[in-house]
Amino acid sequence: MTKMLLSTTAVLIGLAGAASAQCAIEGDGSVRILANDFQALHAVVSRAATCAGEGVEVTTNETTEHKDIQVAALSTSPAAYTIAVVANGSLVPLLNEGLVQPMDDLVAKYGQNLQDSQLIRVDGKIMAIAFMANSQMLHYRADLLDQNGIAVPATYEDVIAAAKTLEEKGVMKTPLYASFKPGWDLGEEFINMYMGSGEPFFEDGTAKPAIDNDAGVAALEMMKALKDNMGPDVMTYNSNEAQPYWENSEVAIMTGWGSRTAAFIDENGATPEIAKETKIAAMPSWGGHDIPATTLWWDGFALAKNISDEDAAASFQAMMYALSPDLVADPETAGLAAWLVNGYTPTPASEGVFANMKAGAKPYPMTPYMGMLHTALGDNLAEFMQGQETAEKALEDTVAAYTTAATEAGFIK
Amino acid sequence: MARLNLKNVNKRWGNYVAVKDFDLDIADQEFLVLLGPSGCGKSTTMRMIAGLEDVTEGEIWLGDRMVNDLEPKDRDISMVFQSYGLYPNLTVYENIRFPLRVRKVPKDKHDEMVMTAIRMVELEQFMHRRPAELSGGQRQRVALGRAIVRKPTVFLMDEPLSNLDAKLRVSTRAQIKNLQSKLKTTTVYVTHDQIEAMTLADRVVVMNKGEIQQVGTPTQIYDHPANTFVASFIGSPAMNLIPGTLRGGTFTGDGITVTGLTAPDGDMTLGFRAEDAEITESGGQIAAPVYAVELLGEASMISWRLGDALVSVKTAKDYRAETGQMVEASVPAAICHLFDTQTGKALPR
Amino acid sequence: MPHKTFLAFILPSLLAMLLFVALPIGSVVYQSLFIEHEQVMTEVETCGPFGCTTERKVDAAAMQELRDAQPAGRFNGLGTYFNSGHLAFDRIGQIWTRSETWGGFFNQVMNLPLYKALIFTLAYTFIVTPCVIVLGFFIALGVNAIPGLIKGPVIFFSLLPMIVTPLIGSLVLYWMIDSRGIIGAGLQALFNNPSLSLKASPTLTWITLFVYGIWHNAPFAFVVFYAGLQGVPQDTMESAMVDGASRWERIRFVTIPYLLPLATFVALMQLMDNFRVFEPIVGFSAEANATSLSYLIYSDLRGADTPLFASAAATSVLTTLGVIVLLTPVLIRTWRDFNRKA
């Protein structure tokens, strides 16, 4: 394992060394990074790995299971990892347990390249550094919409009308795609939709859920209307499986994650003619509200609490090197995400995220019990989507499941 | 009516010959015993009659039907196995009824037929038990009951007494004899036990290495063994066999000389039964130091070592002699059998 | 055997049982009685790339103090067992008062998480187990009847479903039943219904899972029965042939009674295994239409940001009780047989 890491590290040094300035870290220390596993993060993590050298040791663990091990891994003393690469959702458990430390001093000392918008301040203290933004965005086939006289949809009502037109004209049978797979995906879709209503998720100042209302029902009905224009296997749709449908021209309008857009518009990909016509827009709004029905996400890193000051300093410097403007100087890396780092100019793949931000989309709430509500939504909406129960019943089930979990976790008395 | 006729029946597995040219006519109501050591082909012969083995060559006729290509169930036979072959989950009554049930005999006749069979094998008080709750002898009686219940034309019994202890064997043997004489069904019985063969059979077929050695009544086989194999297989103890030469009516072997025999000169094997010879004070054909004295209860057995052969003579139960003591035995020509040493065949007397 | 020798003889396994069976079960039961401390919350301003918001946050330091004082958490008694995520007696009461028909009552009760999982788990157990036994038996009979030369390869292929890792096996089948996979598309063409989806319809999902379960488990029954068939008493079999029994009657009166103890064994193993059905649900992404007790435990532990240990422990205890209830009849039967033979 170590051997493999060392050899990858060595190769990376060779590659990076030729292109840009060497990583130079003041002092000794150990850098141990835990991260999710997708391309944009890999670019960051592998740059940090090049900082290995005299007195500095770098180990990395990129895994999709990072969320499930981060609390346990950072609870030990010293912590198993010095850096946890997190998103706004996954930072919360670390904050809840008090496993990350403020980085104000380190930012002052080494953070010259950081922009103020990158600093995640909780109660005034810098608890995380964001480096990329992500959100869902509307992907559409410009050619198909043009040919059928459909304008780019700005609302979900437009999306459904566009789908109906495509169906009636016999262009496609099931022109829409959204990640409705029960579990995290379906929960996220509801949260996005409900965000578009502007209503709060919880009663003010408590952990009591507030989704069991007209806005919740309307959001669900909208999702159901979308679902009726999707393929028969819609209840297993997730963002991993969207690409074949898209490349097979079975889908014309899709809500999908910005971090995956690059693959859809890649004109060197499997179907350049479709990629060429794939365009991006902000997420639609609905119900007469002006808010894009989506949540904004950032990916960033936090510094473990149970580590020595040397390791903290070395780790922070390594991340600063990784996030220097050199990162986005490579156009391929720049195209991977909507970067928040200094020196980045938006690429087509990130247009949607910025369009959402501009249109007033809100970030995914960092409330400690949001994750539980998300889980409860993911587990309890499928039956409504398949027409086995009413929207009210689905929300009632969700509230019951959430209340049980939140009570057990001590958030509700 | 139920004549069983085997015409030049052969059984081969590849190069191995299990049964060779078995040719036999079994009369109606006859009790025929196939006797021989294990592996002699007697069971295979019976299984071919039952239809459990295919006949490689030859024909089997049951009455006026050639049954070679018939399934076992269509041959109208029944069979009793060494380890009973009972249905463990059925009661005694149901075990015996089984053949009627699967043969679609009208239901209203079942009870009468089953009860008749149960009475014949004397299992009335056990009829509601399962085989696991019965002794070996009782189990074999259940198997007998099952064999007789549908009144087949032929009974086949494959070593039915071999799994029983000595005492049960005697009583069950008697019961089989009794049943057969009552039912008068043609029976083929396989055994390696010569006593069973002698006591039960109308005729005995002695087999060895897949071939018939001799067919005859028990008396014929005992008194006139057709060859050295039969001579050495039948009788307890088996016939004494001493190799030697015959010159002008005088047989000379290691430690023995017998005169007055009538046969052509040549290499001969002399045979006589232990109970036919006598101990004598002087002038015996055998005179040698005693090898062993065994007390049998009803008699004593004196044996000598003559060359490679062990020779025994039965005498009075109170006879005593020391090992190594010189003892003589009289073996007159009248009790002697002569066998051609080369072919093993008996010479006519 | 003197008591001392007996004790020395059995002590190692007794210790191992205590260490590896009693202790974990005990700790799970203990865990199920406690829930997390009440969270101490503060309101803070959170700023980031998307602006500032005021959010509630857990006071980690205050929580640490509470946890140091009472590491197991708040004592909740059997509260977790009775909450709406588990036995949900309160909600059943509510449903009882507001539902007018028995059908409506059952429908709503079966919508409660534990009962929903329980009904699928039971259906899976009681459909898959007998089918596995019957199918395994017939495969064994079939394989036993084929000549020696091709027997080896046939046995190997028959065992494949068991050799393949459950998750891989279910994924392979999952792709095949996709509406664009070979089975899914085939069925659509067969029934001339383009909206037919094995993945979407709850009934079809259940059937798919059952079929998968049977496919995956049949080799186990097959192997056991095939081994058993080698020992079927030849005498009895031939008796039956001579007595006039047909092939089926021979199977019924000779083979089946002989294999019955093995069938009990297979049933026991299968009941236990099937009651813990889990992998196919994940593999088939069937959580929307079918959840099992094991899946509930998994989702309690992995679903949310913070694992719900009490819920998972309570479901585990209930599952264990379920296994005990399920196996009792079989065990009683075995015990009776044992006594009868002794």
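User: What makes residues of chain A and chain C count as in contact, and how many are there on each side?

Analyst: Two residues are in contact if their C-beta atoms, placed from the backbone, lie within 7 Å. By that criterion, 49 residues of chain A are in contact with 44 residues of chain C. Among the elements of chain A that each supply at least two residues to this side are strand S5 (119-122) and helix H19 (391-408); helices (H or I, at least four residues) and strands (E, at least two) are DSSP runs, numbered from the N terminus. H19(A) gives the largest share, 6 residues.

The model is predicted: local features need pLDDT of at least 70, side-chain atom pairs count only at pLDDT 80 or more, and totals for chains, interfaces and linings use all residues. Residues are numbered from 1 along each chain as its sequence is written, while chains are lettered from A and ligands numbered from 1 in the order in which they are written.

User: What is the make-up of the side of chain A that touches chain C, by residue class?

Analyst: That side divides into 26 nonpolar, 13 polar and 10 charged residues. Ala, Val, Leu, Ile, Met, Phe, Trp, Tyr, Cys and Pro count as nonpolar, Asp, Glu, Lys and Arg as charged, and the others, Gly among them, as polar.

User: Why are S5(A) and strand S2 of chain C said to pair?

Analyst: Two strands pair if DSSP finds at least two bridges between them.

User: Which strands of chain B form a hairpin, and how many bridges join them?

Analyst: Strands S17(B) (residues 300-306) and S18(B) (residues 309-315) run antiparallel and are joined by 7 bridges. Ser300(B) stands opposite Thr315(B). The hairpin has 2 residues between its strands, and Gly307(B) in the turn has a positive phi of about 60 degrees.

User: Why are H8(A) and H9(A) called oblique to each other?

Analyst: Helix H8(A) (residues 184-195) and helix H9(A) (residues 214-227) pack at about 120 degrees, with axes 9 Å apart. Axes are lines fitted to C-alpha atoms, for helices over the stretch in contact, and angles run from 0 to 180 degrees between N-to-C directions. Angles under 35 degrees count as roughly parallel, over 145 as roughly antiparallel, 65 to 115 as roughly perpendicular and the rest as oblique. The two helices are therefore oblique. Phe190(A) of H8(A) and Ala219(A) of H9(A) are among the residues making the contact.
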